[in-house]
Amino acid sequence: KLHSDLDKGVGTVKYTLSGDGAGTVFTIDETTGDIHAIRSLDREEKPFYTLRAQAVDVDTKKPLEPESEFIIKVQDINDNEPKFLDGPYVASVPEMSPVGAYVLQVKATDADDPTYGNSARVVYSILQGQPYFSIDPKTGVIRTALPNMDREVKEQYQVLIQAKDMGGQLGGLAGTTTVNITLTDVNDNPPRFPKSIFHLKVPETSHVGSAIGRIRAVDPDFGKNAEIEYNIVPGDGGNLFDITTDEYTQEGVIKLKKPLDFETKKAYTFKVEASNLHLDHRFHSVGPFKDTATVKINVLDMDEPPVFSKPMYTMEVYEDTPVGTIIGAVTAQDLDAGSSSVRYFIDWKNDVDSYFTIDATEGTIATNELLDRESTAQYNFSIIASKVSNPLLTSKVNVIINVLDVNEFPPEISVPYETSVCENAKPGQVIQTITAADKDLSPAGQRFSFKLSSEASNKPNFTVHDYRNNTAGIETRRNGYSRRQQELYFLPVVIEDSSYPVQSSTNTLTIRVCRCDSDGTIQSCNVEAIFLPVGLSTGALIAILLCIVILLVIVVLYVALRRQKKKDTLMTSKEDIRDNVIHYDDEGGGEEDTQAFDIGALRNPKVIEDNKIRRDIKPDTLRFPRHRPPAEDNTDIRDFINQRLQENDVDPSAPPYDSLATYAYEGNGSVAESLSSIDSLTTEADQDYDYLSDWGPRFKILADMFGEEESYNPDKVT
């Protein structure tokens, strides 16, 4: 109620109301100033209103007093029940949890004024869900109330929770919510087989790796706690089978590891063990988390195709074997109870298969054409065996035939070699390593041997060193080689193989002599570099060769004239011939050596005077002229020898300087007897020297000298 002191109650004052809710929620009596609520108030909607009131003069409409402001506060009453804003709730708790295990906390909200009375004080309680769970009346925390709740017994629980205001007193308002609690699984149950023996029937024709049956152990747990691993316990027949786990159904799938044969064994028995993969250590005391069952498998007899005795056949045959030669056989049998005969035939696929034939009854394989290893070294084809009683049942086997080589080709040097040797090569130096190749198919362990041919083994130039690993080295045998003497050497090398029959070939290596530096690096191998300067044209080379030929012709003519002149001189001085016996201890060059001394000096004293110096030795000191009286005819030989002996004793340049010159009578005992005419009973005119031609090459020159002139009788010369 509003009232102004200026209001005398005569109706001259008018009251007005403005502000929050004026005219809609509140109204005022303009005459009395009474304020009324024109609709229901809700504190939870608006707890207070701010209004302004004023008294004005009715006549002048002027305020009698300043405007005043006042607040209308809505007083709370318990008109709102508690509400679970997040409900309904869903919670979970592991099974087998102990008493008091935390599950969930719920919360209810009361819209009433918590500062005025007990309208907003909420208390929680369980209306449904006992005795499994409990709730704290003040905090709303839900906990388990029973121990060892088993999910496998009951998995879902629905709990009804009540929240009541006024502290739970009579007359308070209440709200409810539902909590759905699920027990989560733990591995508290081992797998168990529903029966102790499983019987399976399997056809003997089942393929290896195929599934032949399923068994299942039951585990009431869920998820990974129910995952089971199956294993075959070692025992009878267990090695023929294998078992795996189907990850979707957790069944044990039994598979075949090896072929079954009804005729060999009709039944198998083994044990299978099922165990959990994920164990919980809290439940080890319950017992072993595994179970065992027996599996019995009966093999069913089936009509099977023939079975070959080998999974594959390998045969060998020599090339060029006559057509029709049996090289091997395949064997297949019908292992069924009613054994049937077997027929064989070749699985024709290409023309290669026509090289062989097979006996349909015996299974023997023979050649149908001549084989050549160099064309085809191996044949690969299939043989099919079928039952006579049921030709549709067939089996196939692979046959490999290797064509063996007949040693018909000799080994040869694998590649052409360009071999060279340095002029300054040392003995034992390897100048080339050679290898060999054979067109025949070399069997394992075949070896090639290398050696020099018999005609080359005696020459001191090169040798062959066999390394015994199918290679050989060409080695030098002497110290140094000369391109001037010989530019090319041809070395015959014999190569043999180790097959039967042994084949060999002679291969000639061409070895070129080259000029090398001190390190053995080849600098030149051309023979022209020895004689010719670099850069000469072809015309210059021809001119030089012509000059050389002309010089050679002049030298030959000069030598021929000299020899003719000597012959005339010797023939015209028969009376001056002396029997001169000269003996040298050093070895001469034979009868062809005419450079050591002039044999005419032994016959003509005048020629001796003109040829006092030896042409094969150059004296270190000047020779002084010697004056000797000419020997008279018919002088005793002894005096002549003594005279020559004295001359050589006083002459320091008398040849030879390092040997002994002996002058003496001819000794006795010559096989050819004396050639001298001394003491001969016949005269010079009666002497016949034709027999000298019969004495051989050593007396050829002597026979020519005595045979040119019948009147010329040479003295005895040795």
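These legends go with close-up views of the cysteines in a predicted model.

**View 1. The two disulfides together.** Searching the whole structure turns up 2 disulfides. Count the bonded cysteines of the protein in sequence order and the pairing reads 1-3, 2-4. As a reminder, a disulfide is a covalent bond between the sulfur atoms of two cysteines.

**View 2. Cys422 and Cys516, joined by a disulfide.** Here the S to S distance comes out at 2.0 Å. The torsion about the S-S bond is about -85°, so this disulfide is left-handed. Cys422 sits in strand S30 (residues 419-422) and Cys516 in strand S36 (residues 504-516), so the bond ties together parts that are 94 residues apart in sequence. Both ends, Cys422 and Cys516, are buried.

**View 3. Cys514 and Cys525, also a disulfide.** The sulfur atoms of this pair are 1.7 Å apart. With a torsion of about 110° around the S-S bond, the disulfide between Cys514 and Cys525 is right-handed. Cys514 belongs to strand S36, while Cys525 is in the loop between strand S37 (522-524) and helix H1 (528-531). The two cysteines are 11 residues apart. Cys514 has 0% relative accessibility, so it counts as buried.

View 4. For contrast, look back at Cys514, which is buried at 0% relative accessibility.

Methods
Residues numbered from 1 in each chain as written. Predicted model: local features only at pLDDT ≥ 70, side-chain atom pairs only at ≥ 80, totals over all residues. Heavy atoms only, no water. Disulfide = S-S within 2.5 Å. Helix = DSSP H or I, 4+ residues; strand = E, 2+ residues; numbered from the N terminus. Buried < 20%, exposed > 50% of the residue type's maximum accessible area, 1.4 Å probe, protein only.
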